[in-house]
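Please keep the sequence and the structure in view while reading.

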Amino acid sequence: MDAGKAEYVARELEAYAHWFAAPDPSASGHFLALTLFAECGDVARIARDTTSAFLRGVITGDVVYDARLAVSELVGNVVNHAVPDRSRSRPGGCRRIDVIYKLYPKWFFIGVRDEDSTPPLLPMGDALCPELVGELTEAVLPDSGRGLMITQRIAAAVWWTPEEGGGKTVWCRFDLDGYRPR
């Protein structure tokens, strides 16, 4: 393995180790968890605004805008597609959405947890080459997966984890390129 690839693998492993570990408030990481309900009409806006508030004064620029878009897409996926597992659903009950923020000096993680154990359909790539589509771009857009495709394009990584007792969390990671939070 060449030195560049080894360095890349080491950075990825370090990022995943930070994501997996419970944040230590005395260390350089910051953590926030937010519970929302899918039936609330402004749930995506609330998630976007909370993202901005969490990052205010700590991170500026494109990362904030990209993180707002990503959290909006991930929360929108829960609102539009998640059906709670039978063991987690209640007649007349609201669908719970937990948004998790983890900020470290090198990375910013967003997790969106729902009560549906069905794995998300992470897109594997472009459906068609733009040169082949021509003027029919809207006609050939996929029916689903656009939100995750957008998130994959703007985040450094996107993945999901099953939750004990049902449900799942969809995660994304933004690399902060050496920026040190205050």
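The text below takes up the sheet, then the nonpolar cores, and then the aromatic pairs.

This is a predicted model, in which local features need pLDDT of at least 70 and side-chain atom pairs count only at pLDDT 80 or more, while totals for chains, interfaces and linings use all residues. Residues are numbered from 1 along each chain as its sequence is written, and side-chain values use heavy atoms, with hydrogens and water left out.

**The sheet and its helices**

Helices (H or I, at least four residues) and strands (E, at least two) are DSSP runs numbered from the N terminus, and two strands are taken to pair if DSSP finds at least two bridges between them. On that basis, 5 strands form an open sheet with the order 1-2-3-5-4 and antiparallel pairing. Strand 1 and strand 4 are the edge strands, each pairing on one side only. Neighbouring strands of this sheet are turned by 15° against each other on average, direction ignored; axes here are lines fitted to C-alpha atoms, for helices over the stretch in contact, and angles run from 0 to 180 degrees between N-to-C directions.

Helix 2 packs on the sheet, where it touches strand 1, strand 2 and strand 3, and its direction makes about 165° with that of strand 1. Helix 3 also packs on the sheet, touching strand 2, strand 3 and strand 5, with a direction at about 15° to that of strand 3. Contact means heavy atoms within 4.5 Å.

Strand 2 pairs with strand 1 in the antiparallel sense over 8 bridges, and 6 bridges join strand 2 to strand 3, which also run antiparallel. Ile100 in strand 2 is the bridge partner of Ala33, and in strand 3 the bridge partner of Ile100 is Gly111. A hairpin through 3 residues joins strand 2 to strand 3.

**The nonpolar cores**

A nonpolar core is a set of buried Ala, Val, Leu, Ile, Met, Phe, Trp, Tyr and Cys residues joined through side-chain atoms within 4.5 Å. The largest such core has 32 residues, and those with the most contacts inside it are Ile97, Val99, Phe108, Ile110 and Phe174. Among the elements that give two or more residues to this core are helix 2 (43-55), helix 3 (62-81) and strand 2 (96-103), and helix 3 gives the most, with 8 residues. Apart from it lies another core of 7 residues, including Ile100, Ala157, Trp159 and Trp171.

**Aromatic pairs**

The structure holds 7 aromatic pairs. Rings of Phe, Tyr and Trp (its six-membered ring) pair if their centres lie within 6.5 Å, and planes under 30 degrees apart count as stacked, over 60 as edge-to-face and the rest as tilted. Two stacked pairs are listed here.

| Pair | Centre to centre | Angle between planes |
|---|---|---|
| Phe108 and Phe174 | 6.4 Å | 25° |
| Trp159 and Trp171 | 6.4 Å | 15° |

Phe108 lies in strand 3 and Phe174 in strand 5, so their pair ties together parts that are 66 residues apart in sequence. Trp159 lies in strand 4 and Trp171 in strand 5, so that pair ties together parts 12 residues apart in sequence. Phe108 and Phe174 are both buried; Trp159 counts as buried at 12% relative accessibility, and Trp171 is buried with a relative accessible area of 6%.

Conventions
Buried < 20%, exposed > 50% of the residue type's maximum accessible area, 1.4 Å probe, protein only.
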